[in-house]
Amino acid sequence: MLARSSGGSALSAAPHAAAKVDHISRLRCSGAAGLIGRQAEFSNSVAALAGGGSAQWNWSVPSTPATLSAEIRDSSGKLVATPTIAGGAASRSFAWDGRMSDGSRAPDGAYSLKLIAKDASGADLVTTVHSVGTVRDVTQRDNELWLGLGGKVSLPLSDLLGVAVAA
């Protein structure tokens with residue numbers, strides 16, 4: 001319900017409401033700007049490969065896998081690498097240096113990690129993969145804040161799981 005001042009109409013409050021929403025959006029964006037330069041973990045498997053660095057993920061399985069294999073795919077879904085990931089733990093982090101299966105360096109961009117884990121009896125184990133990256137910029141589109149990680153990769157603020165404490 002819109003409040004009315006004496007002699008005013010509900011319609012005259014509409015521009016004020018729009019300005020208030022814009023002000024709130026700017027406050028949210030400026031607050032999120034405090035994330036720039038900080039390492040963040042996201043609830044999806046899309047990570048950025050940018051500037052000669054590595055794409056990074058954290059992963060976990062409910063129990064220690066007997067075997068573990070990995071697939072890295074580009075943004076079009078094409079398999080670009082099958083790196084070796086050391087097993088022997090139920091959770092770890094993994095950094096991919098961008099080397100594709102043919103030995104060449106992958107271009108900057110978005111890459112996803114899929115892990116295939118099996119227990120000692122050969123049964124599949126459910127894996128959880130979270131991307132990790134350093135926030136480089138904050139933008140707003142479609143009324144949602146997006147955190148830019150470089151390599152043309154932006155993830156929605158709603159996917160943010162945590163942020164490392166600044167050193």
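These are my notebook entries on a predicted model of one protein chain.

**Entry 1. The chain overall**

I began with the secondary structure and counted 1 helix and 13 strands. The chain has 167 residues, and 30% of them are buried. I then looked up the accessible surface, which comes to about 9,600 Å². Carbon and sulfur atoms account for 54% of that surface. For contacts I took pairs at least 6 apart in sequence; of these, 67% join residues at least 24 apart.

**Entry 2. Strand E4 and its partners**

Next I looked up strand E4, residues 67-74. Which strands does E4 pair with? One partner is E7, residues 109-118, joined to E4 by 8 bridges. The other I noted is E5, residues 79-81, joined to E4 by 2 bridges. E4 runs antiparallel to E7, and E4 and E5 are antiparallel as well. On the E5 side, I found isoleucine 72 opposite alanine 81.

**Entry 3. Leucine 68**

I stayed in E4 and picked leucine 68, which sits in this strand. Is leucine 68 buried or exposed? Its relative accessible area is 15%, which is under the 20% cut-off, so I logged leucine 68 as buried. Across in E7, the bridge partner of leucine 68 is alanine 117. I also looked up the spacing to leucine 115, which is 47 residues away along the chain. The C-alpha atoms of leucine 68 and leucine 115 are separated by 6.8 Å.

**Entry 4. Aspartate 159**

My last entry concerns a charged residue. Where is aspartate 159 placed? I found aspartate 159 in the loop between strand E12 (153-156) and strand E13 (160-163). Aspartate 159 is buried, yet I found no salt bridge for it. The nearest side chain of opposite charge belongs to arginine 141, 10 Å away.

How values were computed
Residues are numbered from 1 along each chain as its sequence is written. This is a predicted model: local features need pLDDT of at least 70, side-chain atom pairs count only at pLDDT 80 or more; totals for chains, interfaces and linings use all residues. Side-chain values use heavy atoms; hydrogens and water are left out. Helices (H or I, at least four residues) and strands (E, at least two) are DSSP runs, numbered from the N terminus. Buried means under 20% relative accessible area, exposed over 50%, partly exposed in between (1.4 Å probe, protein chains only). Lys and Arg count as positive and Asp and Glu as negative; His and the chain ends are not counted. A salt bridge is a side-chain nitrogen of Lys or Arg within 4 Å of a carboxyl oxygen of Asp or Glu. Contact means heavy atoms within 4.5 Å. Accessible areas come from the Shrake-Rupley method with a 1.4 Å probe; for residues, only the protein chains shown count as cover. Two strands pair if DSSP finds at least two bridges between them.
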